[in-house]
Amino acid sequence: MSELLSDLDRATYEWQLDVPGFGEEGQAKLRQSTALVSRCGGLGGPICFALAAAGFGKIIIAHAGELRLDDLNRQILMRHEDLGKSRAESAQSTLAAFNPAIEVEAVAENITEENAADLVSRADIVFSAAPLFEERFLMNRECVRQDKFLVDSAMYNLEGRIIPIVPGQSACLSCLYPEVPPNWKRRFPVIGAVSALAANIGAMEGIKMVSGLGTAQTNRMIYFDSALMRFQTIELKRNPECRVCGNSA
Amino acid sequence: MKITVQYTGQLAGITGVGDELLDLEEGTTLGALVGQLCDRHGTNYTELLVSGSGELRPSTMVIFDGEQAVGDQSTMDLTGIKTVMLMTPIAGG
């Protein structure tokens, strides 16, 4: 697998190639992998940054809409000069400048019933960072159907939680949340550093899942409260009645 | 028996605290605890946590000492449990 790394790869990733258990084999696995990230805001943006820095071969960014001023407290892939322009294209531009050796595709759409299956089919791993449960459930369903890794990350106020999912082995999002929660609101309190913290934990879980480094926290939720800097891992259980991955699905 | 109830997400915002220590009667069930908490914390808390029938909403996760608790809340005995964590769903990005 080592021959898949170029001299430029070896030079760029020299410091992480030294990580025990990672090496050229782990790097080559990232190089060969495509990640789908939805969306690229306060959470998805730092995920994309971390994946680009780590050397994923391709990142597909799915995010509709144009950049607004009130996005800029957390959406670190964006630039002030891009106000009013496509978020996905702004993120693509930043990532291309940061790591020109990887491929970045901008899809100026959110995840929908119409595009979910196709977008997931083009990825090896999906990072879910959408602010609506409807989009998260679509990604979860398609990842289970297509047997793709999923890392579902979320935050609220000063808290975050990350759920790495291996279909067929670990609880899926619908095991934990069987319905769209009626009280979740699109707008949520957020400081950018908190979403970036959740993002980087999620990105690291994805890097482990793809490369084989360390132990991915599957069947666990990683939860933190940055007000107290309290971190917990919570043991999760699959739901045999789950409509997506259960016995009758 | 003393049990710490830990709140997350919107629940923590409503209660204004991250957790609280409660002194409960031996044999208290999860369902009874939820009823007490709803009486204590008011309408917004109740609407977030339980459905109209008084049952925990399906998407409310209950964690006993770091492990997801699954089962019938009306019969789930809290004896021996040190911490009950109540997690309402979040999806902020």
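Author: Let us start with the salt bridge, which is a side-chain nitrogen of Lys or Arg within 4 Å of a carboxyl oxygen of Asp or Glu. This is a predicted model, in which local features need pLDDT of at least 70 and side-chain atom pairs count only at pLDDT 80 or more, while totals for chains, interfaces and linings use all residues. Residues are numbered from 1 along each chain as its sequence is written, chains are lettered from A and ligands numbered from 1 in the order in which they are written, and side-chain values use heavy atoms, with hydrogens and water left out.

Reader: What makes the pair A:Arg145 and A:Glu142 a salt bridge?

Author: The N to O distance between the side chains of A:Arg145 and A:Glu142 is 3.1 Å, and the rule asks for a nitrogen of Lys or Arg within 4 Å of a carboxyl oxygen of Asp or Glu, so the pair qualifies. Side chains of opposite charge can pair when their charged atoms come close.

Reader: How are A:Arg145 and A:Glu142 placed in helix 7 of chain A?

Author: A:Arg145 and A:Glu142 are 3 residues apart in helix 7 of chain A, and therefore separated by about one helical turn. Helices here are DSSP runs of H or I with at least four residues, strands are runs of E with at least two, and both are numbered from the N terminus. An α-helix has 3.6 residues a turn, so residues three or four places apart point the same way.

Reader: Which of the words buried, partly exposed or exposed belongs to A:Glu142, and which to A:Arg145?

Author: Buried means under 20% relative accessible area, exposed means over 50%, and partly exposed lies in between (1.4 Å probe, protein chains only). With 3%, A:Glu142 is therefore buried, whereas A:Arg145, with 59%, is exposed.

Reader: Why is helix 9 of chain A called mostly covered, and how does its length agree with its residue count?

Author: Of the 20 residues in helix 9 of chain A, 16 are buried. The expected span is 1.5 Å times one less than the number of residues, so helix 9 (residues 192-211) should span 28 Å, and its end C-alpha atoms are 28 Å apart, which agrees. Just after helix 9, A:Gly212 takes a positive phi of about 85°.

Reader: What makes A:Arg220 and A:Glu235 a polar contact?

Author: A polar contact is a pair of N or O atoms within 3.5 Å, where within protein one must be able to donate a hydrogen and the other to accept it, and residues adjacent in sequence count only if both atoms are side-chain atoms. The side chains of A:Arg220 and A:Glu235 are joined at 3.2 Å, so the pair meets that limit. A:Arg220 is found in strand 7 of chain A and, at 25% relative accessible area, is partly exposed.

Reader: What joins A:Gln232 to chain B, and is A:Gln232 buried or exposed?

Author: A polar contact of 2.8 Å joins the side chains of A:Gln232 and B:Gln6. A:Gln232, found in strand 8 of chain A, is buried because its relative accessible area is 19%. Among the residues that A:Gln232 touches is B:Met85, contact meaning heavy atoms within 4.5 Å.

Reader: How many residues and salt bridges belong to the interface of chain A and chain B?

Author: The contact takes 31 residues from chain A and 25 residues from chain B. The rule finds 2 salt bridges across the interface, and A:Arg230 and B:Asp19 meet in a salt bridge at 3.2 Å, N to O. The largest share of the side of chain A that touches chain B, 5 residues, comes from strand 8 of chain A.
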